[in-house]
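I opened this model to look up a few local features and the helix packing. My notes follow in the order in which I checked things.

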Amino acid sequence: QDQDQDQDQDQDQGQEDKNKDKNKNKWEHPEPSQFREIQSGTECSRKCSRSLEAHQVFGVNWLLSSWYKRTSTILADDAGLGKKAQVVVALDRLRNQIGVSGPFMIITPSLQVEKWQHELEVWSNLNVVTFRGVAHSLSVIEAFEWITEEEEEGGGEE
């Protein structure tokens, strides 16, 4: 009986060691003190030749500051003031400057999908996968398109 318990403990320890090794290279959330504000609208994205307006820079800084603090947020203002651009620039910075590999998911009404795709193309270098369609299409998208860089490199979960 004691031998069985020892084997169980050894197996548990082996699994813990495996999990530690698996998580060793995982990305860690930075401290809020590491947040640095965007100073101007031209710092928005490496891809984009456009620049954000002052109120949009404020919005991006607020989104990123909230993310650093692990605070849930809702970005809301009048129509046409560039909320999509602010969100896309914030996601682009998370991905390309902070190193958050994603995936990021944007849930939007069907009528807004094309507008979001446009903003993602204009303001970022993010890989965009539109997840809509019939069940078979969704399973194909999930199996072949919804992949993070860690999974491509073999470091993702099995």
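Where does Ser110 lie? I found Ser110 in the loop between α3 and α4. Helices (H or I, at least four residues) and strands (E, at least two) are DSSP runs, numbered from the N terminus.

Entry 1, ground rules. I am working with a predicted model, in which local features need pLDDT of at least 70, side-chain atom pairs count only at pLDDT 80 or more, and totals for chains, interfaces and linings use all residues. Residues are numbered from 1 along each chain as its sequence is written, and side-chain values use heavy atoms, with hydrogens and water left out.

I looked up pLDDT, which is the predictor's confidence in each residue, from 0 to 100. The protein chain averages 79, and 70% of the residues score at least 70. Over residues 19–25 pLDDT stays under 50, and the model has one contact beyond four places in sequence for them. Contact means heavy atoms within 4.5 Å. Where pLDDT is low, the predicted coordinates should not be read in detail.

I noted six helices and zero strands in the protein chain. Of its 158 residues, 25% count as buried. Buried means under 20% relative accessible area, exposed over 50%, and partly exposed in between (1.4 Å probe, protein chains only). Among contacts between residues at least 6 apart in sequence, 65% join residues at least 24 apart.

Two packed helices are described by the angle between their axes and the distance between the axes. I read an angle of about 50° for α2 and α3, with their axes 9 Å apart. Axes are lines fitted to C-alpha atoms, for helices over the stretch in contact, and angles run from 0 to 180 degrees between N-to-C directions. α2 and α3 are therefore oblique to each other; angles under 35 degrees count as roughly parallel, over 145 as roughly antiparallel, 65 to 115 as roughly perpendicular and the rest as oblique. α2 passes α3 in a right-handed crossing. A crossing is left-handed if the near helix is turned anticlockwise from the far one by less than a right angle, and right-handed if clockwise. The α2 residues that meet α3 include Val60, Leu63, Leu64 and Trp67, and their partners in α3 include Val87, Ala90 and Leu94. By class I have eleven nonpolar, four polar and one charged residue in the contact of α2 with α3. Ala, Val, Leu, Ile, Met, Phe, Trp, Tyr, Cys and Pro count as nonpolar, Asp, Glu, Lys and Arg as charged, and the others, Gly among them, as polar.

The axes of α3 and α4 come within 9 Å and cross at roughly 50°, and the crossing is right-handed. On the α3 side the contact is made by Lys84, Ala85, Val87, Val88, Val89 and Asp92. On the α4 side I listed Lys115, Trp116, Glu119, Leu120 and Trp123. The contact of α3 with α4 has seven nonpolar, no polar and four charged residues.

Which residues does a cis peptide bond join? I found Gly102 and Pro103, with omega about 10°. Pro103 is in the loop between α3 (83–98) and α4 (113–123). I also flagged Arg70, a residue other than glycine with a positive phi, near 60°. Arg70 lies in the loop between α2 (54–68) and α3, and it is exposed, with a relative accessible area of 62%.

Back at Ser110, why does it count as exposed? Ser110 counts as exposed because its relative accessibility is 57%. Its C-alpha atom and that of Arg132, 22 residues apart along the chain, are separated by 9.0 Å. Glu114 is in helix α4 and, at 60% relative accessibility, counts as exposed. Glu114 and Thr130 are 16 residues apart in sequence and 9.5 Å apart in space, C-alpha to C-alpha. Trp146 lies in the loop between α5 (135–144) and α6 (149–152). At 29% relative accessibility, Trp146 counts as partly exposed.
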